[in-house]
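Trainee: I have this one open for the first time. Can you walk me through it?
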Amino acid sequence: MNTQAKKTWRLGDDGVRVGAFFVILGIFALINPTVLSLVNLFAIVNNACFIGVMTMGLMIVMITGNLDLSLASIGLTSAFSTIMLYQAWGWEEGGMYLMFVIAGAAGAVCGLINGFFVYKLGIPGIIVSLGMGQVYNTLLLILTGVTYIPVLPEGMRRLNRTFILQVETALGTAGICFAVLIFAAAVLLVWFVLNKTMVGRGIYALGGDKVAAARVGFNIPLLYGTAYGIMGMLAGMAGMMFYANNTLFQSDWILVEQGNATAAAIFGGVIMKNGKGTVGGVVVGILLIGLIQNNLYLIGIPSYAQKVVVGFIILTSVAMASFNQLREWGKSR
Amino acid sequence: MGFTGDGEELNEFYLEARGIKKSFGGILALREVSLRIRPGEAHCLVGENGCGKSTLIKVISGVYAPDEGRIVIDGNPFKKLSPSESMALGVQVIYQDFSLFGNLTVSENIAMAYNVSSGFKFSNKKRDLELARGILDEINVQLNPFTEVAKISVAQRQIVAICRALLQNAKLVIMDEPTTALTTKEIDSLFRIIDGLKKKNVALLFVSHKLDEVFEVSEYVNIMRNGTNVMEGPTSEFDRSKMIYHMTGREIAEKSHALEIDRNTPILRVKGLSRKNEFKNVSFEAYRGEVLGITGLLGSGRTPLAETLFGIVRKTDGEMYLNGRRLELRNAGDAVRAGIGYVPEDRLTQGLFLNVSIYRNIAATILSMYSNKFSFMNKRKISAAVRQQAKGLAIKAASLEAPASSLSGGNQQRVVLAKWLAAQPKLLIFNCPTVGVDVGSKSEIHEIIASFARQGIGVVVISDDLPEILSLCNRVLVMNVGEITGEYQAGDIDETFLQGQLVKV
């Protein structure tokens with residue numbers, strides 16, 4: 001009897017998101033066809049990697065029902081401690097892969113601290129991250145007195161010169177950076193954990209109904225630990241990427257990026273209130289933010305107007321989600 | 001399953017609770033309770049709010065450890081159980097909120113608890129689907145396993161919760177107030193599922209205070225009062241009044257509240273009232289001394305009508321007169337100022353500030369009445385008005401400073417009533433006034449509502465509880481797909497007739 005029950009295919013929210021991305025890309029391309037050049041498209045992907053890794057981390061915590069505003073701060077503190085470690089040990093040449101391991105581990109520790117406060121003390125994640133974010137921003141800087149490192153170790157700076165694919169075009173060499181592999185790994189990891197493991201399903205369950213998740217028998221601290229651990233690790237690796245790409249360390253440069261990651265996750269369809277969001281949707285959100293970050297000047301909008309556009313994206317996405325919610329409530333009345 | 005009556009043999013029962021005692025901070029919740037449930041039997045636990053039913057269930061499901069007594073499951077005695085032990089032995093509780101995940105699909109919700117208790121490390125959508133389909137087929141229910149649980153009806157969610165319990169090899173399914181949120185038709189299909197479970201030798205324990213359902217569904221009744229069993233036996237040995245007597249310890253006549261009605265002065269006159277897509281061309285009068293009932297199925301427009309009368313939503317057409325004066329309500333504040341009170345359907349979320357003291361809840365509507373033109377409040381007058389209402393309605397609370405959430409359901413309802421009465425309204429609108437209230441409190445609330453009408457306040461009761469409509473109201477209007485399709489004197493019709501009018505197309 002249930003064999004008749006078929007999956008109902010609707011133009012789902014993720015479909016709308018993909019559509020919106022291509023419409024925006026189309027508008028950009030109409031104004032300036034260079035947007036569609038291989039050099040530019042590759043540049044968008046390269047530049048989206050950092051924000052992408054960070055957003056994947058943010059997403060998994062948002063599914064549990066907690067917003068975290070300290071990812072950029074975790075990135076800062078992880079990258080800073082990795083750089084200091086390299087300098088202390090005098091590693092100039094090597095360690096492009098190792099830096100991700102160290103920064104990831106440092107970030108995971110920070111993430112777990114946030115998760116501990118959320119689980120053990122029941123403080124909402126947004127509050128924990130506001131408080132801990134300030135600590136991560138400044139603690140190491142206070143301890144060392146360093147806010148600016150003019151030249152990063154050579155091994156780190158190699159990141160944005162290491163390509164996995166290069167194509168010669170009329171406009172120059174188009175290349176895909178090594179960082180794309182890290183981004184791809186982050187997407188794959190979060191997708192696998194969320195969709196293929198029971199812990200991941202538990203993270204969705206936790207976002208759906210915390211009490212019910214406990215009644216079903218989930219190990220709640222394990223769920224928080226996994227979500228926050230992965231968040232911290234990815235934030236740490238993203239921070240490392242950010243500073244390696246900038247080739248120098250200026251402590252607070254990264255902090256503005258928190259807003260971009262939040263916008264990418266929200267446009268990507270993550271709804272904290274009831275544990276909703278798909279990895280596919282978030283990837284589209286990341287690409288959209290990447291497009292806007294890199295190409296506004298190509299269509300004649302000054303790049304400092306970027307924040308207005310990002311703010312607009314956040315509001316529109318939330319408004320659309322609320323509108324859908326209202327429509328569903330209307331139906332059930 | 002036959003009844004041997006004495007129950008001497010041990011193995012006859014799937015679960016036995018013997019001499020359970022439990023106290024919280026010196027207050028005795030369970031004094032001495034025993035319970036015996038046979039496989040394949042529907043056992044009903046009835047009693048008023050606060051009699052200890054919920055505590056007993058929590059002892060059986062392992063949430064609380066009893067202070068004294070034994071729980072015997074399948075012949076194995078336990079001094080106490082942990083929730084996971086209890087589940088492993090086949091005891092499954094279906095909570096009133098169902099404990100489902102609205103963001104996940106039907107199949108995943110059904111399989112989730114089974115997956116966790118089986119210790120699976122990886123999730124598998126195909127396995128979930130097969131499990132869900134298997135169990136849905138077993139109880140013969142059609143439900144799309146791909147739908148998100150947030151998008152299905154309350155009745156369907158309950159089915160999902162039952163399936164989840166069955167998948168975990170349930171031998172006893174405990175259901176807490178299983179029919180509260182269901183329509184009559186949905187209740188019938190739930191009872192069919194329950195019959196199927198009984199045939200599979202699954203025992204059921206219902207906690208309910210809806211007596212009609214107790215008679216319809218159960219073979220055995222266990223009545224609790226003040227933390228102990230007062231009476232038990234096969235359902236066939238009970239009738240309604242006997243059961244109410246044992247539940248409350250006193251005789252409550254379920255009588256109709258007939259009143260003197262003044263047909264000359266309509267308090268409320270509604271002419272051609274419409275709201276786009278919700279209801280149209282609604283006209284009626286409510287007279288002094290009368291309780292006017294409006295009934296209809298969910299979606300008939302009864303709730304939007306109530307909300308329009310109170311100004312929560314705006315009408316799109318039509319006229320409203322209160323004591324002959326035309327009303328143009330823009331919001332609920334206008335309605336309160338005009339002298340209309342509204343006691344909403346879900347008293348917990350709409351009618352009360354749960355975290356705030358009882359005192360402040362009652363005072364909420366009268367602040368402006370006892371304030372001067374500079375908006376300074378006269379605390380003494382407010383205090384006097386609040387205390388008078390609390391006394392008049394016999395609210396049982398340790399202190400008026402206690403939060404409203406500390407009260408039982410019936411007393412919370414009284415606080416909402418007190419709140420509106422303090423404002424001295426001309427018209428009171430009740431939306432399902434006794435949802436989730438036990439028999440004793442229900443008859444008291446009906447008596448209170450009738451006394452409003454006797455005091456000359458116009459009373460409109462909107463409800464889908466047909467016995468309530470028939471015993472409480474003098475005149476009944478039936479709403480069907482947004483229109484008033486019939487008007488009857490309550491004395492002239494019976495429940496079957498009214499039920500027929502509700503579903504007539």
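This is a predicted model: local features need pLDDT of at least 70, side-chain atom pairs count only at pLDDT 80 or more; totals for chains, interfaces and linings use all residues.

Trainee: Fine. Which residues touch the most other members in the largest nonpolar core?
Mentor: Val53(A), Leu234(A) and Met241(A) do, in a core of 164 residues. Helix H10 of chain A, residues 220–246, gives the most to this core, with 16 residues.

Trainee: How do the axes of H7(A) and H10(A) cross?
Mentor: They cross at roughly 170° and come within 12 Å; H7(A) covers residues 179–196. An angle over 145 degrees counts as roughly antiparallel, so H7(A) is roughly antiparallel to H10(A).

Trainee: Which residues meet there?
Mentor: From H7(A), Ala179(A), Ile182(A), Ala186(A), Val190(A) and Val193(A). From H10(A), Thr226(A), Ile230(A), Leu234(A), Met237(A) and Met241(A). By class, that contact has nine nonpolar residues, one polar and no charged ones.

Trainee: New topic. How many residues does each chain put into the contact between A and B?
Mentor: Chain A puts in 24 residues and chain B 23 residues. On the chain A side, the elements giving two or more residues are helix H8 (198–208) and helix H9 (210–216). H8(A) has the largest share, seven residues.

Trainee: And the classes on that side of chain A?
Mentor: Nine nonpolar, nine polar and six charged residues.

Trainee: What about strands S11(B) and S12(B), in which sense do they pair?
Mentor: Antiparallel, over seven bridges; S11(B) is residues 262–275 and S12(B) is residues 279–288. One of the bridge partners is Ala286(B) in S12(B), which goes with Leu268(B). The two strands form a hairpin with three residues between them, and Asn277(B) in the turn has a positive phi of about 70°.

Trainee: Last one, Glu495(B). Buried or exposed?
Mentor: Exposed, because Glu495(B) has 12 other C-beta atoms within 10 Å, and 12 or fewer counts as exposed. Its place is in helix H17 of chain B, residues 495–503.

Trainee: Which residues is Glu495(B) in contact with, sequence neighbours within four places aside?
Mentor: Leu466(B), Pro467(B) and Leu470(B). As for Glu447(B), it is 48 residues from Glu495(B) in sequence and 21 Å away in space, C-alpha to C-alpha.

Note on methods:
Residues are numbered from 1 along each chain as its sequence is written. Chains are lettered from A and ligands numbered from 1 in the order in which they are written. A nonpolar core is a set of buried Ala, Val, Leu, Ile, Met, Phe, Trp, Tyr and Cys residues joined through C-beta atoms within 7 Å. A residue is buried if 20 or more other C-beta atoms lie within 10 Å of its own, exposed if 12 or fewer, and partly exposed in between; C-beta atoms are placed from the backbone. Helices (H or I, at least four residues) and strands (E, at least two) are DSSP runs, numbered from the N terminus. Two residues are in contact if their C-beta atoms, placed from the backbone, lie within 7 Å. Ala, Val, Leu, Ile, Met, Phe, Trp, Tyr, Cys and Pro count as nonpolar, Asp, Glu, Lys and Arg as charged, and the others, Gly among them, as polar. Two strands pair if DSSP finds at least two bridges between them. Axes are lines fitted to C-alpha atoms, for helices over the stretch in contact, and angles run from 0 to 180 degrees between N-to-C directions. Angles under 35 degrees count as roughly parallel, over 145 as roughly antiparallel, 65 to 115 as roughly perpendicular and the rest as oblique.
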